Amino acid sequence: MTKTLLIGIFLLALTHIGFAQKAPCDIHITHEYIADPQYYFSPLSFGTVKDFKITFIGGNTYRVAVASATEKNIEFSIYDQDNNLLFSNAKFSHAPYWDFEITNTMECTIKISLVTDYVPNDFGAICIGFKQ
């Protein structure tokens, strides 16, 4: 409980010093993408999975990027509304981002988890951008 409280205080403090305006995954939302101003953050413990529901608008090319405090220690998977796996970075050496096109508007679930217990209590951040 103390570790969870400390992570919560840490994340809250970061939002007050500007972290919420520039997430660590922002480095992967390069100039050819327009960043979604909504960031998705969650404290993570090894062995837990956090889900985020995201609506992707048809006719766009997106980049989904993830980050944690420890490089390449976050796994993310994207599922469509029927729970079909669209992408998992586990098959790509835990790459920090994925670019893809959406033909039709759809709601997806992005699931994030820690890869190892090297840092048993970490955080996960998701940044989304769409191509200009």
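User: How many bridges join S3 to strand S8, and which way do they run?
Analyst: Seven bridges join them, and S3 and S8 (residues 106–114) run antiparallel. Strands here are DSSP runs of E, at least two residues long, numbered from the N terminus, and two strands pair if DSSP finds at least two bridges between them. Keep in mind that this is a predicted model, where local features need pLDDT of at least 70, side-chain atom pairs count only at pLDDT 80 or more, and totals for chains, interfaces and linings use all residues. Residues are numbered from 1 along each chain as its sequence is written, and side-chain values use heavy atoms, with hydrogens and water left out.

User: Ok, which residue in S8 is the bridge partner of Lys53?
Analyst: That's Thr109.

User: What's the strand order in the open sheet?
Analyst: The order is S3-S8-S5-S6, with antiparallel pairing. S3 (50–56) and S6 (85–88) are at the edges with a single partner strand each, so one side of each has no neighbour in the sheet.

User: New topic: which residues have the most contacts inside the largest nonpolar core?
Analyst: Phe56, Val64, Phe76, Ile110, Ile112, Ile126 and Ile128, in a core of 21 residues. A nonpolar core is a set of buried Ala, Val, Leu, Ile, Met, Phe, Trp, Tyr and Cys residues joined through side-chain atoms within 4.5 Å. Buried means under 20% relative accessible area (1.4 Å probe, protein chains only).

User: Which element gives the most to this core?
Analyst: S8, with five residues.

User: And what is Phe56 in contact with?
Analyst: Leaving aside neighbours within four places in sequence, its contacts (heavy atoms within 4.5 Å) include Tyr62, Val64, Ile110 and Ile128.

Key
Helix = DSSP H or I, 4+ residues; strand = E, 2+ residues; numbered from the N terminus. Buried < 20%, exposed > 50% of the residue type's maximum accessible area, 1.4 Å probe, protein only.
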